[in-house]
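Please consider the structure shown below, a predicted model.

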Amino acid sequence: MKTAGALPFTDDPNMLQSPTDVARELTYIAAISEALREEMRRDPNVLLMGEDIAGEFGGAFKVTKGFEAEFGARRVINTPIAELGFVAAATGMALMGLRPVVEMQFADFISSAFDSIVQFAATTHYRWGGAVPWVIRAPADGGLRAGPFHSQNPEAWFVHTPGLKVVAPATPADAKGLLIAAIRDDNPVIYFESKPLYRSLKGHVPPGEYIVPLGKANLARVGADLSIITYGAMLHQALAAAERLAQEGVDAEVLDLRSLKPLDKEAILATARKTGKVLVVHAANKLAGVGAEVAALIAEEAFEWLDAPVQRMGGLDTPIPFSPPLEDAYRPNAEKIYAAARALAAY
């Protein structure tokens with residue numbers, strides 16, 4: 001297998017890779033589609049599986065529209081509505097040397113495949129050294145008024161599971177680079193995509209082949225007064241809050257985790273030690289979320305540098321409502337982050 005280390009990358013993939021690069025912008029969803037297409041052209045062992053992903057339909061969000069015409073039905077496979085079964089099939093394929101990329105139509109449905117993921121794929125390397133190089137693409141997050149079965153952020157289930165890697169890109173450049181890295185990794189990787197960003201967010205994506213290494217956070221905004229640590233769609237809410245704080249003389253640093261497992265502990269501790277005040281934000285419900293692990297890490301290893309208790313913000317501990325006003329009350333947003341960060345700065 002061609003290793004990720006052989007490819008050019010930068011810790012900030014929004015920067016140009018070389019002086020010869022031509023600036024271009026892609027939507028978040030186009031960057032995902034491009035990564036899949038390029039990897040399928042590069043490696044004949046990469047194949048796609050999922051509900052309604054073949055033909056002109058191209059999946060619920062059209063990520064793979066037209067792929068079957070180029071790669072054929074043997075590599076773009078429509079599955080039945082049976083997540084437990086097709087993830088188990090993907091695990092078998094991976095053990096035989098293929099590299100399946102499974103589209104979970106909505107991240108919420110991943111619970112139907114839980115046994116295949118946590119009991120089999122995640123434990124295989126520990127049990128007998130086997131490699132399971134599959135990726136599950138999981139369209140997550142709310143804000144689209146889709147209710148409790150199409151809006152969840154279930155990443156904490158899998159961060160808690162030994163043997164899995166978990167990523168959550170927040171920009172088009174990271175969406176492409178992290179997906180390529182995930183496909184080439186020999187471990188099972190769950191790749192959480194943020195549905196609200198699909199067509200609403202555009203950004204620079206370097207042309208050609210590059211990766212964003214798993215386990216490396218990105219410093220999205222440099223600051224001195226406090227740190228906001230986040231990932232996924234909340235990155236953009238945090239950056240908006242930071243710009244508003246800057247107008248009041250509060251200089252917020254924003255760290256985008258990008259990779260939830262493995263976590264970039266060095267980057268987390270560095271920003272906590274630098275500013276002494278930390279707010280951790282995620283869209284998933286607050287209780288036992290990724291933010292709890294980040295806060296505990298800082299409390300254990302950077303306590304002497306803190307000037308205030310680590311603060312956390314997440315969704316409410318309730319199913320996600322259909323009602324727009326109730327969903328807005330459920331989710332963090334720029335206004336709520338601003339208010340919490342402003343209070344933290346004044347502590």
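From which domains does the lining of the largest cavity draw at least three residues each? Both domain 1 (13-204) and domain 2 (218-345) contribute at least three residues to that lining.

The protein chain is divided into domain 1, spanning 13-204, and domain 2, spanning 218-345. Their C-alpha centres are separated by 26 Å. Across the boundary, 33 residues of domain 1 are in contact with 24 residues of domain 2. The size of an interface is often expressed as the accessible area lost when the parts come together. Here domain 1 and domain 2 bury about 2,200 Å² between them, and 57% of this area lies on carbon and sulfur atoms. On the side of domain 1, Arg-145, Val-159 and Ala-168 supply 26% of the area buried against domain 2, more than any other three residues. Between the two domains there are 4 salt bridges. Arg-145 also takes part in a salt bridge with Asp-328, at 3.0 Å from N to O.

The structure holds 1 cavity of 30 Å³ or more. The space in the largest cavity amounts to about 120 Å³. Its lining comprises 15 residues, of which Asp-141, Asn-153, Ala-168, Tyr-231 and Gly-232 are the closest to the centre. Two or more lining residues come from each of strand E7 (189-194) and strand E13 (278-285), and E7 gives the most, with 3 residues.

How values were computed. Residues numbered from 1 in each chain as written. Predicted model: local features only at pLDDT ≥ 70, side-chain atom pairs only at ≥ 80, totals over all residues. Heavy atoms only, no water. 1 Å grid on protein atoms, 1.4 Å probe; cavity = no way out; pocket = protein on both sides within 12 Å on 5 of 7 lines; lining within 4 Å. Points joined across faces, edges and corners; volume = space filled by probe spheres on them. Helix = DSSP H or I, 4+ residues; strand = E, 2+ residues; numbered from the N terminus. Domains from an automatic or database assignment. Contact = heavy atoms within 4.5 Å. Buried area = accessible area lost by both parts, 1.4 Å probe. Salt bridge = Lys/Arg side-chain N within 4 Å of Asp/Glu carboxyl O.
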